[in-house]
Each structure stands twice: as structure tokens, then as C-alpha cells.
Amino acid sequence: MKSRLLAGALAVLAGGALVSVLVPGNATADRFGAERHGDDKPLIIGHRGAPAFRPEHTLLSYEAAAKMGADYIEPDLVSTKDHILVARHENEISGTTDVENHPEFAARRVTKTIDGLQITGWFTEDFTLAELRTLRAEERIPDLRPDNTAYNGLAQIPTFDEVIQLAKRYGVGVYPETKHPTYFDSIGLSLEEPLLEVLNQHGWRDKRSPVFIQSFETTNLKELRAKTRLPIVQLINGSGAPYDLVAAGDPRTYDNLITPDGLRDIAKYADGIGPATTRIIPVDATGKLGQPTSLVRDAHRKGLKVHPFTIRDENSQLPLDYRLGNPASPAFPRATGDVMGWVERLFELGVDGVFADDPGLARATRDRLFDRS
């Protein structure tokens, strides 16, 4: 981990992104304070834990994120057959577990329609928690993160309760996302009630609690607002529309949600937005950054915090402007680019936090910029 952080720091030096450190303190404070929403430093959110180092949505990944300095860890939540919330990126688990190696579950491989798409595989809602406990987690994208395969088979699928217990041990918050809430409602396994029940059991039930609840859908967040005072964040994808609106025949898309009227509506039930980074700085067909939009400023004017997703380490996942190394090298797509420079650029635009696969580099960037300020 130390060598990875050092590599990131050297990458920044190579890219010339440390120029801001040479700016006098007041100028640095002005640069990173002009568009900020409040006086707090931006939050570092461990996206699915620390998946740049451990298979995502495992206690191994969440623990790594907490040790690396994340303020919050982010579990994506789906339901088991016996209505227990567990952390998985999707309810289809063939890509993140060894379920295909369990002949006793072979007959449960089915095709379902999830959010309008046909998907074939094994689904959490067809397993009890006890059955899921017999599976082991695996790296979801081994071609991009081959080192993470060393941890395949070591971790179980964690429950939401276990994620909170870990968060409390390390003094960090949780940032749960309800996955496919319209779908889970349709099969009688609503996510919102058990979500609030588990949070309430841990005494987390008001705005002072270290919790943000997020979703790409809108209806469930509006329903949650009537049931809780916990902070709520409306996720904004880079394209498309919230599935609950699609299912209801509502023509609005994510483009509509970020208009002044859309943000005004969001502010009625949410405390912030979580937009794709391309909503803040668009990219062209080559991946090169364009001019920043007014989204951060527009959201702040409506009293909304802005937590964009997702900062990833690998060149193939970064804007062209922040890729480093020899593009002809076979290792180039998975090599670490100028992550700290990219985080710095977003901080410069006034975001209130970032979702990062490598919370250590994001935290180091924040500490360098804001502690010096």
C-alpha cells in the first residue's frame, strides 16, 4: 500500500500537478474555497470500500478504506430471500462470487428482467442469508485489477449490519445506496424499511448521524424523506433516466433533474446530489476534458451538497488529461494515472466530497491542499 501511495505521489510530480502547493497559503485557500458549500473540508467516500486494493463490497475492502483515511464507506445494498440487506454491487452475483462453482445452486441460474434489461445469472433474492454465507467473494474486474485476485475466496458477502459494526469500530460513517428499489418493491422485498431499521438499531436516525442515503431513483428517496431526517443524496447518472420514472411513464431524464427546476425539486427531499464527474466536466470522444459546467454552483445555490462519482486509479478509467505512462505498454490501461491531479481539479471546482476507489490518494490530496490552507 505504501509503495502504491508513493507511486501516486511520483505520478503527480511527473504530471506537474504539485504547482498548487507552491502557492502561498491565502491564495490556496481562495482557490479551494471560492465555490465551496460551507467551511468543511470535502469528504472522502470509500467507493465500495477500497476496490483499488481489495475485492469490492467485502469487509476486507471496507476495512482498507477506513485505515486509508476515508470519512465514509459506501455499501451498495440488495436483499436476500429472507429480507436481509447485504452489500453487493448488483443483485446478480456471478461476477462477484464463486457461485458458479457450487453445483448445489446450479438450478438457480435464471434469466430476469431488471430495470428493463434481461440478465442471466444468480440473484441474491433467490438465496437465504445462510445460503449466501456458503459463497466467497471474488474480484469483479480481474483484467483491470489482477492483484485483487489474491484475495479471492477469503471473504463472505457482508450484511449491512456488519458494515455498520465495522464503520463504528473505525470511527467512519456509512453511505448506503439502495440498488434497484423499484424492482425489489415489485417482488415484495422493499429495501427502505430494513435499511432504516438497521440504522435505527445502531442509533443513527437524524441529521447528526454519520450517514448519507443515496439512490439513482427518485420515488424511494421521496418516501424516505417522509420517514427519516437522515441526510439523503440524489444520484445523477451521466446519461439515461431514473428507472422509477421510466416505469411510471414519466419522460423526465437525468438531464431534467439538473436543470434549475429539477434541482429545486430535488432540494425538497434531498440534502445533496451525487453526479457523475462528466456532469461537472464533460469529456469528448477521446476522453479529454472540456469546460466545466455550472452544476456545482447551481446545486449550491439550491442548498445541495455535491459528491461526484467515481475517482478511479487506472488510466483507462481516468480522463485523458490525467493518464500517465506509455500508451503502447500492455500495462498502460491498468497503470495508475495522475489520480491526485484529478481529485485536485474537482476540489478546485468546489465539490463537497468525492467517491474514490483509492481513498488513500484522495485523502492525501485533501490533506495536502486543505491542511496547508
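I take helices (H or I, at least four residues) and strands (E, at least two) as DSSP runs, numbered from the N terminus. The model is predicted, so I note that local features need pLDDT of at least 70 and side-chain atom pairs count only at pLDDT 80 or more, while totals for chains, interfaces and linings use all residues. Residues are numbered from 1 along each chain as its sequence is written, and side-chain values use heavy atoms, with hydrogens and water left out.

Entry on Gln-201. I found Gln-201 in helix α7. Buried means under 20% relative accessible area, exposed over 50%, and partly exposed in between (1.4 Å probe, protein chains only). Gln-201 counts as exposed because its relative accessibility is 55%.

Entry on α5. Which residues of helix α5 (residues 160–170) are buried? I listed Phe-160, Val-163, Ile-164, Leu-166 and Ala-167. Seen down the axis, these buried residues fall within an arc of 160°, so they line one face of α5. The arc is taken from the directions from the helix axis to the C-beta atoms. Their cover, by contact (heavy atoms within 4.5 Å), includes α3 (59–67), β2 (72–74) and α7 (192–201). Just after α5, I noted a positive phi of about 70° at Gly-171.

Entry on the sheet. I read an open sheet of 4 strands in the order β7-β2-β1-β13, with parallel pairing. Two strands pair if DSSP finds at least two bridges between them. The edge strands, β7 and β13 (353–356), each pair on one side only. β2 and β7 pair over 2 bridges; Ile-73 has Val-174 in β7 as its bridge partner.
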